[in-house]
Amino acid sequence: MNSRIAQIVIIFLLAFFTGVNFVVFPALGTAFTDSSLFGLSSSQFGNLFIPQVICIIISCLGAPFLVNKFGPKIVLVAGLLLMITSTGILWTLQFFMNDKSLLFPILMILVAFTGLGFGLSITTLNPLAASLFEKQKSSAILILQFLVGLGTSTSPMMMNLIGNVKNWIYVPASIFILVSIIFVLFLFLKLEKGTFFELPKHFKIPAKLWIFFMAIVLYGFIEGTFGSFGAIILKNQGLDNNKASLGLSLFWGGIALNRLLFGIFSKNNDLSYVFLFSPLIVAGLLLILLIYPNVSLIVLMMFMIGFFMGSIFPGSIGWGTVEFPTLSVLVSGFLMAANQIGTGIITNVLGNFSNQTNIIFRFLIVCMIFICALLFYLKRNSKIKEAF
């Protein structure tokens, strides 16, 4: 399977299934905390994802150098095998439920495997997608990230479909089988290392890339806030449980829709200023929520916030790939790590302020204004028009 169409189909399917596999552990939260099953405490379940964040950061930073040495296919094979192995072992834990003392440390190791695998896979998939669309690199990355996001929303949906939490094994079993099938198809794919994935023998991280890094760390603060504490924040704003869940779903739906539309329409339209002003629009929407917390508008506002946030992260990777073509894999890993650093920091800090919604909104508004300022600074003498 050496045709370009086969490469595109399999690479983008891999992005979707990587997203599905990545969130299998969060999706099984109700099973992990069920006393009749895994019996983890709330604190244990929260601590479960610390090794995942650490391992994603390590693998995202290490992947560019591994791809440079071994090529994209070997690194992707390693990343996918780590994720498949983790999900497969999780499936077999049904036979070891009697000894609960071992379950938590085993889950910690499996989550670490998933984090390493995800970091290696997604860091490689971003530039791989860009390499398949030389004249539309940013659009390719936006659509790839849309598929990753679509995948991450699929695992929780699968948990809802099985109904009874005691049927939890069907989720990792299904994911293991589906990802294994696409993995086997990928093995038959011929991928050349090519110059696109090579790093210069001597290089230093450009100053501009550090500014991208700072912007994405700030973005990680916002994504981590809504991802980890979104339901709590919405309930503090007066929503009941059902509307809070709806608001959070619409937030992620808005992010996904924006990435898809940006990926489609940026090919033939100049969307650079839409991208540049997006953080300022998000800041304005957050300000409205802060000064006018109207319950009937909050759900719609969550969709709008997610929508205008959608392109910031993958768009920055795409822009950075255009800006630094000889460092494309490094850009992907560096900014993926920045997102995880921001998410990890805010997840561990915000627990102390989760009930102080006004403080959180003010903080997020400031972050968004800073992101906008950093993006406009980067715009000077840049290739942003080529990216969007």
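Okay, let's start with a count: across the whole structure, a search turns up one salt bridge. By that I mean a side-chain nitrogen of Lys or Arg within 4 Å of a carboxyl oxygen of Asp or Glu. Before I go on, this is a predicted model, where local features need pLDDT of at least 70 and side-chain atom pairs count only at pLDDT 80 or more, while totals for chains, interfaces and linings use all residues. Residues are numbered from 1 along each chain as its sequence is written, and side-chain values use heavy atoms, with hydrogens and water left out.

So which residues form the salt bridge? They're Lys 208 and Glu 323, with the closest N and O atoms 3.8 Å apart. Lys 208 sits in helix α10 (residues 207-236) and Glu 323 in helix α14 (residues 312-323), so the pair ties together parts that are 115 residues apart in sequence. Helices here are DSSP runs of H or I, at least four residues, numbered from the N terminus. Is Glu 323 buried or exposed? Glu 323 counts as buried, at 13% relative accessibility, whereas Lys 208, at 23%, is partly exposed. The cut-offs: buried is under 20% relative accessible area, exposed is over 50%, and partly exposed is in between, with a 1.4 Å probe and protein chains only.

Next, a helix pair. The axes of α5 (residues 50-70) and α15 (residues 328-349) come within 8 Å and cross at roughly 170 degrees. That makes α5 roughly antiparallel to α15, a label for angles over 145 degrees. The axes are lines fitted to C-alpha atoms over the stretch in contact, and angles run from 0 to 180 degrees between N-to-C directions. On the α5 side, the contact includes Val 53, Ile 56 and Phe 65; on the α15 side, Leu 330, Phe 334 and Ile 341 are among the residues involved. Contact means heavy atoms within 4.5 Å.

Leu 287, Ile 288, Ile 291, Tyr 292, Leu 297 and Leu 300 make a nonpolar patch of about 580 Å². Patch residues have over 30% relative accessible area and no salt bridge, and nonpolar side chains (Val, Leu, Ile, Met, Phe, Trp, Tyr) are joined within 5 Å. Helix α12 gives the most, with three residues. Ile 288 is found in α12, and counts as partly exposed at 36% relative accessibility.

Last stop, Ser 36. You'll find Ser 36 in the loop between α3 (29-32) and α4 (42-47). Leaving aside residues up to four places away in sequence, Ser 36 touches Lys 100 and Lys 166. Ser 36 is partly exposed, with a relative accessible area of 43%.

Notes:
Patches are made of residues with over 30% relative accessible area and no salt bridge: like charges are joined within 9 Å, nonpolar side chains (Val, Leu, Ile, Met, Phe, Trp, Tyr) within 5 Å. Accessible areas come from the Shrake-Rupley method with a 1.4 Å probe; for residues, only the protein chains shown count as cover. Helices (H or I, at least four residues) and strands (E, at least two) are DSSP runs, numbered from the N terminus. Angles under 35 degrees count as roughly parallel, over 145 as roughly antiparallel, 65 to 115 as roughly perpendicular and the rest as oblique.
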